[in-house]
Amino acid sequence: MQIAKSWRQQPSNLRLEGTRCTRCDRLEFPAVIRCSACGCTEFEICQLSGKGEVVVATTVFEAARDFGEHVPYSAAIVKLAEGIHLAAMITDVEPRDVYVGMKVEMVTRRIAAQGDKGPILYAYKFAPLLMP
Amino acid sequence: MTTGIEIIGVGLTKSAEKWEMGLLDIAIRAAGKALEDAQSESPDAVVVANAFGGALGDQQNLALHLASGLGCCPVETYCVACDDASGGAAVRLACALISSGMHQTVLVVGAEKTSDALPDMLETVRASGLDAGREASFGFSPTIAGALGMQQYLNVYGLDKALFFHIAKVAHEHGATNRNAIFRWPLDEAQYLKSPIVATPLSVCDTAPPCDGAAAVILRKSKNGSGHIRILGGANVSRKRGIVHPITELTLPAATESAAMALKEAGCDVADMSLLELHDSNAFLAALSIEAVGLAKPGEALHRAADGDFSKDGKAPLWTFGGHKSRGLAPGASGLYQVVEAVLNLRGDAQRNQVPSATKALVQCLGSFGAQAVTHILG
């Protein structure tokens, strides 16, 4: 995770910012520069609610490089209230306690660090919804 | 587009951890075997499928280096990097080069060297075939996506995890007699059930072992009465990227469309196939592939495997040399292994892996967790 790339992705990683097409109203996350439905290049910035539910989850025991510190961790497909699906880690709960349909909300957490001296990526994970 | 192209030579290396050989050496070995098999003069184009050579810190622009090593320069060279679909896409590109009249004889080589990388590094590089910004950067890899898909498959269809044993069983049954396979033993259910979990519910036995390997074919415009195996149809379909669709919808639209288009060009039906080589980098994608090409209805792939449909003497022999699961997964080369193995069967040269009276084969490889699918019909 290079520094410039991390900086570039801050709006989506930290604020769940997507885009809504001004022509066809299509909502996309992360933000796009050209609508994949109609080709329009004008958008409104749209911040997603960050609330959703777990569609399916797994407990990961063997991770890719930079993610070993989290093992075992819960990885899931989360469906947001706006209908957008995200691949994200589930946090603040034991992996074995994550279940299909669990209500969750976006929180900002440490995702990965590139070695001892490299940049740290902070971005969204999802935690059990505290205040329905 | 592919009609009228024949395969005049094939070659492959054993799938293994080849500590003594580099990526280029492996590619040269397979290419040399194909050239000997074809008793062909130098090709006038070389297409190389290699998914991760550059990312793993090995050779980039492998096609140029291969051509140089083979001593067939000057020649036109191309590299194809489409994740695990690289092999099929390279064959498709070679067909286009011949069909367009640009070239007469094209050498296509798939090669990959995975064993020099530590497992977590290899998983990172393999994850780069997914959406780098939204999936790989968040700790998701093809293996983790396969685990999520498998869990969803079990949830939606109300199945027991043990049923997935039958996918691995078929592959190992066939790989056991393939002297080029990395895993040459039949798998029993007890072994399968005690296999270590990688990501619930997916275990080591549900994933194909990464390995080093290369496979090659030589293509040219068909000549009447040559007797060579022909490419009867082909299609390369890319759909919207992302792991979400296969996991939530349990379908692979690109695989379905690619197979249908290739079969249509070949003028045949999936039921006409004597054997099939589908993508089985993990058991979830294997099950969806079976359903995508029409060998089973949604949710029934595991039952059909348990019924013996995919054994060598079954209704639709599958993974006749062990598939990626038992033969081994050399990502950029995997699509070429499928083609070479199918050709050996159609020529009657498959020895202990021979499907009796094989006349037609469907081979399909997937890239980026099924968002891309390349299918060829051989016969």
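1. Helix H3(B) is largely enclosed by the rest of the structure, because 11 of its 14 residues are buried. This holds for a predicted model, and the buried positions include the run from B:Ser86 through B:Gly87, B:Gly88, B:Ala89, B:Ala90 and B:Val91 to B:Arg92, together with B:Ala94, B:Cys95, B:Leu97 and B:Ile98.

2. The length of H3(B), which covers residues 86-99, agrees with expectation, since at 1.5 Å a residue its 14 residues should span 20 Å and its end C-alpha atoms are 20 Å apart. Just after the helix, B:Gly101 takes a positive phi of about 90 degrees.

3. As to the chain that holds this helix, chain B has 13 helices and 11 strands. Its radius of gyration is 19 Å, close to the 21 Å that the globule rule gives for 379 residues, and chain B is therefore as compact as a globular protein of that length. The C-alpha trace of chain B spans about 55 × 45 × 35 Å along its principal axes, and 63% of its 379 residues count as buried. Of the contacts in chain B between residues at least 6 apart in sequence, 78% join residues at least 24 apart.

4. In chain A, strands E5(A) (residues 73-80) and E6(A) run antiparallel and are joined by six bridges, one of which pairs A:Lys79 with A:His85 of E6(A). The two strands form a hairpin with four residues between them, and in the turn A:Gly83 has a positive phi of about 95 degrees. Strand E6(A), residues 85-90, is mostly covered, with five of its six residues buried.

Key: Residues are numbered from 1 along each chain as its sequence is written. Chains are lettered from A and ligands numbered from 1 in the order in which they are written. This is a predicted model: local features need pLDDT of at least 70, side-chain atom pairs count only at pLDDT 80 or more; totals for chains, interfaces and linings use all residues. The expected span of a helix is 1.5 Å times one less than its number of residues. A residue is buried if 20 or more other C-beta atoms lie within 10 Å of its own, exposed if 12 or fewer, and partly exposed in between; C-beta atoms are placed from the backbone. Two strands pair if DSSP finds at least two bridges between them. The radius of gyration is taken over C-alpha atoms; the globule rule is 2.2 Å times the number of residues to the power 0.38. Two residues are in contact if their C-beta atoms, placed from the backbone, lie within 7 Å.
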